[in-house]
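Here is a guided walk through a protein model. Take a moment to look it over, and then we will go through it piece by piece.

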Amino acid sequence: MTWWKQERHSSRDGIICDGSVRSGKTVSMALGFVLWSMETFQEHRFALCGKTIESLRRNVTALLPQWLEGICTFEEKRSENRLVITIGQRRNHYYLFGGKDEGSYALIQGMTLSGVFFDEVALMPRSFVEQALARCSVEGSKFWFNCNPEGPEHWFYKHWICKAQERNLLYLHFTMADNPALSPAIRKRYERLYAGVFYQRYVQGLWVAATGQIYDMFDPQRHVVETLPELAGERYVSVDYGTQNPTVFLLWQQGTDGRWYCVKEYYWSGRAQMRQKTDGEYADDMDAFLEGTRPRMVIADPSAASFIAQLRQRGYGVQGADNQVLTGIRHVSELLSGDKLRFSSACVHTRREFQAYVWDEDGGGQDRPVKEHDHCMDAVRYFVSTVLTRNQARVRKRPRGI
Ligand SMILES: Nc1ncnc2c1ncn2[C@@H]1O[C@H](COP(=O)(O)OP(=O)(O)O)[C@@H](O)[C@H]1O
Ligand SMILES: [Mg+2]
């Protein structure tokens with residue numbers, strides 16, 4: 001918060017804080033930024049940048065008045081995305097930008113700024129960040145960055161963190177132990193939430209590449225059951241659709257033990273069987289798979305437009321799946337490590353794919369799975385992302401226990 005006042009750091013051009021989630025990066029940096037800008041400038045302009053304006057409001061500007069109560073007064077000109085902060089006779093202007101929001105790039109282009117604060121900078125496009133920095137022409141302006149780690153090939157890691165010294169930036173690494181508000185029990189809970197590469201990045205705070213098995217927390221002893229427990233409530237089917245590639249249906253229902261079970265699997269590989277099926281044949285197979293019953297919803301591969309239409313004609317409720325790959329993989333990992341997701345031993349292809357599904361190590365620094373042995377894995381992800389995980393505006397009612 002006060003590095004800019006300390007003699008040994010005051011000549012730096014900015015600060016980078018990276019490290020684990022919930023370690024206090026955003027709070028300490030946002031407070032520091034406001035205090036620095038208010039003490040140093042009068043009637044100047046600054047940029048506050050988040051991944052989107054929405055997330056910036058939620059994580060930062062909505063909370064500032066509470067954090068700085070009795071020190072500053074805040075007035076938000078919402079239609080201009082401008083925040084006016086006042087301390088006594090001093091006043092400055094803070095413009096809100098979302099690095100991923102259409103139009104932010106163009107808006108920031110014409111401004112002259114005395115400082116920029118980037119919350120979660122690794123989630124913003126490089127072009128936006130560099131444009132914002134180029135606007136800082138005022139003497140004494142500083143850059144403030146924070147983020148959680150991504151892969152070591154990420155542009156922010158390579159060009160900013162590794163070059164912090166030569167760019168004359170102070171670099172601080174945070175861990176959850178730096179947040180005095182986290183009790184050991186809550187900290188443990190966060191630690192348990194993440195697994196695999198997400199644990200290394202979000203808990204340990206390391207810029208590591210995603211390599212090897214994606215679901216390395218998948219343990220057949222734990223996640224595969226010979227006998228299903230008593231099941232109750234709504235059933236869902238998730239679908240990965242292929243014409244050349246395999247088509248998969250997975251049937252899901254919650255156990256009375258609170259876990260979700262993948263009860264049954266359908267798998268057809270046109271290539272392996274040397275015969276492709278039509279949408280009508282696949283829909284017949286779906287009828288047979290469900291023995292004529294209807295689930296609450298079919299969650300389908302969003303690209304399977306003609307098959308979706310076919311299912312709807314037959315009276316199925318169908319929803320296009322949320323297809324954000326990395327977020328979905330993270331959610332599946334979390335549920336597996338929390339032992340909230342289990343599979344019937346009858347789901348043989350799914351079981352096999354869990355072992356074979358790996359990160360693409362030639363991905364040019366991008367986190368992405370090898371697009372092989374991924375059909376059941378996509379169907380698992382579609383179900384989890386669309387039905388089970390939080391903040392899904394499209395699914396109004398979250399099933400119990402998750
Ligand atoms: N120094 C602190 N004292 C009290 N509470 C803190 C402190 N730092 C962070 N917190 C609280 O901990 C939570 C996580 O902090 P945040 O800054 O959002 O973490 P990060 O940006 O590293 O994910 C927030 O609810 C915040 O209010
Ligand atoms: Mg944060």
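**A walk through the strands and the ligand site**

Let us begin with one pair of residues: C49 has F118, in strand 6, as its bridge partner. Before going further, please keep in mind that what you see is a predicted model.

Strand 2, residues 45-50, and strand 6 run parallel to each other and are joined by three bridges. Strand 6 also pairs with strand 7, residues 142-147; these two run parallel as well, with five bridges between them. Within that pairing, F117 has W144 of strand 7 as its bridge partner.

Is strand 6 open to the outside or enclosed? Buried here means under 20% relative accessible area. Five of the five residues of strand 6, which spans 115-119, are buried, so the strand is largely enclosed by the rest of the structure. You can check this face by face: G115, F117 and D119 are buried on one side, and V116 and F118 are buried on the other.

Seven strands make up an open sheet with mixed pairing, and their order is 9-15-12-11-10-13-14. Strand 9 (224-225) and strand 14 (318-320) stand at the edges with a single partner strand each, so one side of each has no neighbour in the sheet. As a reminder, strands of a sheet pair through backbone hydrogen bonds, either parallel or antiparallel.

With strand 11, residues 247-255, strand 12 pairs in the antiparallel sense over eight bridges. One pair to look for is V248 and its bridge partner in strand 12, Y267. Strands 11 and 12 form a hairpin with four residues between the strands, and in this hairpin G258 takes a positive phi near 90 degrees. With strand 15, residues 341-344, strand 12 pairs in the parallel sense over three bridges. Here W260 stands opposite L341 of strand 15. Strand 12 itself, residues 260-268, is mostly covered, with seven of its nine residues buried.

Elsewhere in this sheet, strand 10 (residues 231-240) and strand 13 (residues 297-300) are parallel partners, linked by four bridges. S238 is found opposite I299 in strand 13.

Next comes the ligand. A polar backbone atom of R22 lies 2.8 Å from an oxygen atom of ligand 1. For K25, an N or O atom of the side chain is 2.7 Å from a ligand 1 oxygen. The side chain of N179 likewise has an N or O atom 2.7 Å from an oxygen atom of ligand 1. On its own, ligand 1 has 560 Å² of accessible area, and the protein covers 64% of that.

We finish at the start of the chain. M1 sits in the segment before strand 1 (14-19). With 45% relative accessibility, M1 counts as partly exposed. Between M1 and T52 there is a separation of 51 residues in sequence and 24 Å in space, taken from C-alpha to C-alpha.

How values were computed: Residues are numbered from 1 along each chain as its sequence is written. Chains are lettered from A and ligands numbered from 1 in the order in which they are written. This is a predicted model: local features need pLDDT of at least 70, side-chain atom pairs count only at pLDDT 80 or more; totals for chains, interfaces and linings use all residues. Side-chain values use heavy atoms; hydrogens and water are left out. A polar contact is a pair of N or O atoms within 3.5 Å; within protein, one must be able to donate a hydrogen and the other to accept it, and residues adjacent in sequence count only if both atoms are side-chain atoms. Accessible areas come from the Shrake-Rupley method with a 1.4 Å probe; for residues, only the protein chains shown count as cover. Buried means under 20% relative accessible area, exposed over 50%, partly exposed in between (1.4 Å probe, protein chains only). Two strands pair if DSSP finds at least two bridges between them.
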